[in-house]
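Reader: Hi! Could you pick one spot in this model, look at it closely, and then walk me outward from there?

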Amino acid sequence: MKLRDFGYICNTIDNGIIILDKDLEVHFWNKWLESRTKISFDEIKNKKIEDFFPNININKLKRKIKTSLSLNSPTFYNTEVNRYLLDIPLNNISSKFFDSMQQAITIMPYDKNNDIAVLYIYDNTLLCESNFKLTQVQKDLVNKNTELEASKEELLRSYTTIELLLNTTMEAIFLFEDDSCTHVNKKAIELFSYSNEEDTKEHAIYDLISYSKRDIMEAIIDEPFELEMIKKDKSVFDALVQIKIIQKDGKKIKIITILDISELKTKERLLAQQSKMAAMGEMIENIAHQWRQPLSTISTAASGIRIQKELNILEDKMFYDATDVIVKSTNHLSQTINDFKNFIKGDTNKVLFNLSENIKTNLSILEGHLKTNYITVICNLEDNIELINYSNELSQALLNILNNSNDALIDNKIEKKFIFIDTYIKNEEIIIEIKDNALGIDKDIIKKIFEPYFTTKHKHQGKGLGLYMTHQLIELSMKGVLSVENKDFTYNKSTYTGACFTISFPLLKK
Amino acid sequence: MTELILDEDEQDCLQELMNIAYGSATASITEILNADAELGIPRIKIINANELSAYLKEESEDNTPYFASVQQFNGKINGENLFIIDKSSAKNIALQFGLEEDEIDDNELYDIILEITNILSSATISKFSQELNAPVGFSPPSVDLLESIIKLDNRFSKDYKKIIIVSTDIHFEKENIKGQFLILTTDESILTIKTLLNKILDEL
């Protein structure tokens, strides 16, 4: 096969080919260049290239040609750096990114002896456009990434804050997603004495409560309730538990908060004991009052018959009368002891008892005390009311309220001191109303008097501790309701003001 | 793996060939730039590819912007030339190239770096491959400006197991210019070089 001549190949190749000497005079200019530059070979032949392309950096081009000739090796124009050698305007209208054709150029030695080089010009416009688009996309991506990073940081900050909040709370918190534990806070790990979060999650909640009480966990939602819980070392403590359930992203999320109330419970027990001790002190005082009269009677009767015996004037009638008095008085003393014993003996079972008898017994215990303080008790009791409940607890509650009235009447230096006790049935409820004329309770504190430690805060002796225990006895133990209000009322045509405590129990169904 | 290491004779022979190649490069640069260039005696080292970053870090200053230019060569021997030069030295080269102070911007510097890379590649590899009778062709070089040389991290290591580093410092008369020129060759080429070196050694 006969090879075509140099011109044919040069004029059919899809690149620009220029043959230049070191002074930049053009010796060849192929058809590709003719069509793109609209400059014919005849026009440019033996002319200097810069006359047609004045923007060419002559020094640079000369240097590259010299280097190529000197090294007998290619030199290059890199598109990214130089963009183009020949300024050839682009005619396309749609999606135009560049005004001129983007070119890559390779310079090779052509004739070393005559310092002539050949330049190959490649149209890199499409490639540059793609690069340009890619750069834009990359910039967008970087921007989006920056936004994403900012959101992530914001999220992380919120998360840290929430985590901080969760970890500084007094409550242990367990989070369940569809019944598997996903999060626990530090307090939860600490409270149940586990070593780490994973360990705690593994034993989540159901291992921490006794088997018999598990139903409670399913039943009580949104309301706090008390429960005994088990630590890792199997020790048990009292806790206040609350369960909340929320639906999120189609999942059931259960949040269980647990507050350790064992210390509170211990204090409460101590408080109850202290309260009982105080009540016992008062009882002993009352017994002393009650015993003085019969003891004196016994002493008088005994000394009377003894003197009569010594004088030999003791008659049988006198002897029997005196010993009767002594026996009667000792019976009375014995009864007082029984009342006292009943009072201090804790109730184990609810029993059926008569309300007015219970109140009368309590009044007899307090009788001496009240008389000493010149307090008149006016009872208006319905005789046939019966209760099935803890009678001694009711006694203790009533004595606390009566003592409270007693203290208020003395503290407020009331001249004519009254305590009114009424019992009646209203709207299927048994009502016990105890009111005094001690001017009532300050309206600022009336709502707080059933709170524990209230006395300590206000140093108002006689209110608080006793009344807190009274509230606990009536509401928690006896399942009744205790309330208090100040009342104005009339008695014997005089108007009085005082506190009125109301205890109510559901009527016993016969 | 042991085959990828040059023995003492092979390393000696390579050193000699490189001395010739760098001598020729020095002459070419002097001629092109019209200035006395001095290329230090090339140091030859074979390292594991993953040690390149540590090597470059040791040879360069921390937190200094560097131009890193690479140029591929293909033939019986394949590889890449890597030219590393700090920004202030690059500026001095530009002045050496006849540019005025106010003409020098990043774009001009890129072009100068590309040219110098091309000159060094052609001068050294052409001569070296000629000596080994293994002609090569060159692709156009490309260049990046790096905030610090450690940014080059692992760019090459995935392609190579072992790298022959032929490094030299370049100094120009009067001007404070310091650059490093490295020739990185592929594992396959190391074997080819070994064979060619042994052929030369046998002929001696």
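**A lysine in a loop, and onward**

Author: Let's start with A:Lys479, which counts as exposed because its relative accessibility is 57% (buried is under 20% relative accessible area, exposed over 50%, partly exposed in between, with a 1.4 Å probe and protein chains only). Before we go on: this is a predicted model, so local features need pLDDT of at least 70 and side-chain atom pairs count only at pLDDT 80 or more, while totals for chains, interfaces and linings use all residues. Residues are numbered from 1 along each chain as its sequence is written, chains are lettered from A and ligands numbered from 1 in the order in which they are written, and side-chain values use heavy atoms, leaving out hydrogens and water.

Back to our lysine. A:Lys479 sits in the loop between helix H16 (465–477) and strand S16 (481–491) of chain A (helices, H or I with at least four residues, and strands, E with at least two, are DSSP runs numbered from the N terminus). Its phi is positive, about 60°, although A:Lys479 is not a glycine. A:Lys38 also has a positive phi, near 60°, and is likewise a residue other than glycine. You'll find A:Lys38 in the loop between helix H2 (31–37) and helix H3 (41–44) of chain A, and it is exposed too, at 62% relative accessible area.

A:Asp14 pairs with A:Arg36, and their closest N and O atoms are 3.9 Å apart. The two partners are 22 residues apart, with A:Asp14 in the loop between helix H1 (6–12) and strand S1 (16–21) and A:Arg36 in helix H2. A:Asp14 is exposed at 57%, whereas A:Arg36 is partly exposed at 33%.

A:Lys265 lies in helix H11 and A:Glu226 in strand S8 (residues 225–230), so the pair ties together parts that are 39 residues apart in sequence. A:Lys265 is buried at 16%, while A:Glu226 is partly exposed at 48%.

Some salt bridges share partners: A:Lys60, A:Arg63, A:Lys64, B:Glu108, B:Asp111 and B:Glu115 are joined into one network. Those lysines and that arginine are in H5(A), where they meet residues of H4(B), including B:Glu108, B:Asp111 and B:Glu115 (contact means heavy atoms within 4.5 Å). Helix H5 (residues 58–71) of chain A packs against helix H4 (residues 106–132) of chain B at an angle of about 10°, with their axes 10 Å apart. That makes H5(A) roughly parallel to H4(B) (angles run from 0 to 180 degrees between N-to-C directions, with axes fitted to C-alpha atoms over the stretch in contact; under 35 degrees is roughly parallel, over 145 roughly antiparallel, 65 to 115 roughly perpendicular, the rest oblique).

Zooming out, the whole structure has 17 salt bridges over all chains. Chain A holds 16 helices and 17 strands, and 41% of its 510 residues are buried.

Notes: A salt bridge is a side-chain nitrogen of Lys or Arg within 4 Å of a carboxyl oxygen of Asp or Glu.
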